[in-house]
Each structure stands twice: as C-alpha cells, then as structure tokens.
Amino acid sequence: MIDIVVVLRAEDAVLDFLSVLTDDGGGETRVILADHDRAETLVLGADMTAAERLALIASHVRPVTEGIASPGPEVLATLLRQAAAGQPCRIWTHSPADTRRSRGRLGRDTALARAADARLAGAELRHAVGFSPYLQILSDLDRSLGREHIAAKLDFVNGSCGHLLAEPDPEFVVQTPHVPAVERFFDTDPDQRERLFALLASLDDEAASVVDPWEFGSSPYEARRLDATAAWVRERCAGNGDGSGGALVEVGACEGALTHRLATAGFTVRATEPNAVFRPRLTAALAGTDGVTVDGADLAELAKEDGPRATAHLLIEMLYYGQDLALLDDLATDLVFVALEPAALASRVRPWLERSTSWRADEETVLVPPQLETVCAGRAYLSKRGSVGLLLRRTNG
C-alpha cells in the first residue's frame, strides 16, 4: 500500500502529515508537491529513515513567491495516477475548509481528481483538519505525536522554515496553530466537501459553488435571524405606501431567503444580487412572487441611479466586502437598515457614522444573539456571531 500525500508546499507535508511520513507500517510514501508552476513528486522509499525523509522534504522548501496555487483536478489526476503506479494507495491531502484558500482549493481539487478517475476510485482519501481557526471539524482519525515527533517537527520548522515564521502573508506564515501536536484527519462525501469549501469562501465567488452555502434554508439560527430581520423591517416601515408595506430595495439578496419573507409581509421588493451565480437562483426562487423584481445592481450602481425613491434600502449582512459607505449618501431613500455581526458593526459602520453629516442612528437592536451551531450535515460546528440591526435615518444636514 502506497501512501500519497498531496500538499501545496513542501513544509505542509511535515506540518500536517508527519504521522503519515513516519508511519511504522514501513511502506513507501510519495509526496506530491502540487504548486502549479513546479509540480513534482518526491519518492520516500520504504528503506529511508524518518530523518532521511525529512531531509529530502526540507531540500524542497522554497521562499514564498506569487502564483502559488493548485494546478487543478485534471493535472492532479495525472500526478496521482503516476504516483500510484497501478498499486493500491491511500491519498492524504489538505482540508477543503482550510482557512488558507490555497490549501483549501487543493484539498477540494484532489478529491475531485480522485473521483473523476476510475483508476483511482478505490483509493481511500483523507483530509487533514489543518489550520481551522473558525470551524471545529469532527475528525475520524486522530494521531497524537510523541515528544520525539514533536521535536522533529519543531527542528524541521526552525531549521528549514525559519523564513516562514516571519512571513507577512497569512496564506504562508508558520505560527504555533499551524504546527499541531495532534494530527487530525477526516473522510467526507462530495456534498460535505463542497459545502465545507463554499462555507470558507465567504468573501469570494466560490461561496456560490453550492446552493444555499450558508444554510439559510436549514439552520435554526439563520431562520431566527431572518424572521427577526423581516419583523424589524415590517414594524419600522408600517404605514408606508398602501398601508401593507412599502417599496424596499434589498441589496445583496443572495438566493432570496429574506426577500420571500418581505414579500409575504406585503412589501414591494427590488432584490438586487450582483453575483452572477446567485442571481439566477434568486430569480428562480422568486418566480411568480407578486411585487418582487430581481436585477444585478450592486451598491455603487444603486448610488448612481436616478430612479424612484424607496421606503428603505436594506443592507443586511452584506457590508463585509469593503464597500465605500459614502455611497449611502446617494441612495434614493431616507431609511437604511443595516445588520452585521457586532464586531463588524463596530469596526466598519460606527467610525463612519460618527463622521457622517448625512445619517444618524435611529435605533439599534439585537436581532439574534451568538450561538454555536453545526454545519455541513454535522461534519463541523462553529460560532454564529449574532446579528445587530442599526436603523439609519437621513438627517436634514
């Protein structure tokens, strides 16, 4: 049985997979260094000592350069076939939920490569939990390292990766949490893998790689948050328009979980979603819903428009993306509903609001408190950080 370790960079093989490299089974191990510019496979013979194996890997530790990334499933499938050489194998790689997206993408791509090639279909695949400061992942195999292995791992870092201890890029820095004393591994099915990958892609388009990545349709926490948000808007906008609601612009409507609640409450809603993958899902989810229109405008585009005034604009859990809050001054409304987790509200909105001569806070309300909750069919759990609503009213200044 050949163990194949697929990692982005050489040091990853030791930091997360030392127990695999030094397994007492005595078999051959092959390490695929999958950086797309210089992918190569190291052969760690069964007759090599642990020290010899680490020395070979250490010789491939390189400075950080731009463009370090997964080569993609097709290339990885070729590398895996060559490494397996027609023999039974086990594949070990990064977690698709590794907070370092370069590793998370490689872990996902390796699983896709294995699944797409019938010659690898029988190979067992395990992901290292790796660096996971936001998720607690339920593991299937835990290997606690003894003092000798810990000493070897620390010597490897200090001797071969010293430049990474001071690396400013969070993708490649090596700090204490990146050097686990217990190496944890898990198996996963394709749906869990894709959901783990999407969940950690909150700030890029890959979040849309699965339907409902934040589990708005199944999470009790998210249902309470959405219900509370809809009730808050309904109560504060009572008496507008025809008495049943008013005209709202929901910015970043995602797949329509909140939009549906607002439409049911009697509002006319313009649901905007700039993400080209989410938008067709939003359109399909709201097809036939009276009083709802869908388009792709983002906050900057809405600020430029010279359209009809709305009762309110809703910026619900979407000001995490570096938008210029000065754009709010040009929105065609006197009311803006903002909802964010407390820390983001404090860091993003409050300093801007203190300087603003156009807006004041009319109300602040806790929509839902923080809560621990399982995600991805129970494969992991995390802290949902709560949501605080801030109702902004335009001043006369």
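Author: A residue is called buried if its relative accessible area is under 20%, exposed if over 50%, and partly exposed in between (1.4 Å probe, protein chains only). The structure is a predicted model, in which local features need pLDDT of at least 70 and side-chain atom pairs count only at pLDDT 80 or more, while totals for chains, interfaces and linings use all residues. Residues are numbered from 1 along each chain as its sequence is written, and side-chain values use heavy atoms, with hydrogens and water left out.

Reader: Why is F337 called buried?

Author: The relative accessible area of F337 is 0%, and the limit for buried is under 20%, so F337 counts as buried. W232 has 4%, so W232 is buried by that rule too.

Reader: How many aromatic pairs does the structure hold?

Author: The structure holds five of them. Rings of Phe, Tyr and Trp (its six-membered ring) pair if their centres lie within 6.5 Å; planes under 30 degrees apart count as stacked, over 60 as edge-to-face and the rest as tilted.

Reader: What makes W232 and F337 a pair, and of which kind?

Author: The ring centres of W232 and F337 are 4.8 Å apart, which is within 6.5 Å, so the two rings pair. Their planes stand at 85°, which is over 60, so the pair is edge-to-face. W232 is in helix α8 (residues 220–236) and F337 in strand β13 (residues 335–340), so the pair ties together parts that are 105 residues apart in sequence. Helices (H or I, at least four residues) and strands (E, at least two) are DSSP runs, numbered from the N terminus. Elsewhere, F17, W92 and F185 form one aromatic cluster.

Reader: How do you know that R101 lies over the face of F197?

Author: A charge sits over a ring if NZ of Lys or CZ of Arg is within 6 Å of the ring centre and within 35 degrees of the ring normal. R101 lies at 4.1 Å from the ring centre of F197, which is within 6 Å.

Reader: Is T229 buried or exposed, and what is its relative accessible area?

Author: T229 has 1%, so it counts as buried. T229 lies in helix α8. Neighbours within four places in sequence aside, T229 is in contact (heavy atoms within 4.5 Å) with L258, I316 and L367.

Reader: What does V251 touch?

Author: With residues up to four places away in sequence not counted, V251 touches T272, L299, L302, L314, L315 and M318. V251 lies in strand β9 (residues 247–251). Its relative accessible area is 2%, so V251 is buried.

Reader: What makes R9 and E11 a salt bridge?

Author: A salt bridge is a side-chain nitrogen of Lys or Arg within 4 Å of a carboxyl oxygen of Asp or Glu. For R9 and E11 the N to O distance is 2.5 Å, which is within 4 Å, so the pair counts. Both R9 and E11 are buried. By this rule the count comes to 35 salt bridges.

Reader: How do you know that R62 forms a salt bridge with E40?

Author: Their closest N and O atoms are 3.2 Å apart, again within 4 Å. R62 lies in the loop between α2 (50–58) and α3 (73–84) and E40 in strand β3 (residues 40–44), so the pair ties together parts that are 22 residues apart in sequence. R62 has a relative accessible area of 27% and E40 one of 25%; both values fall between 20% and 50%, so both residues are partly exposed.
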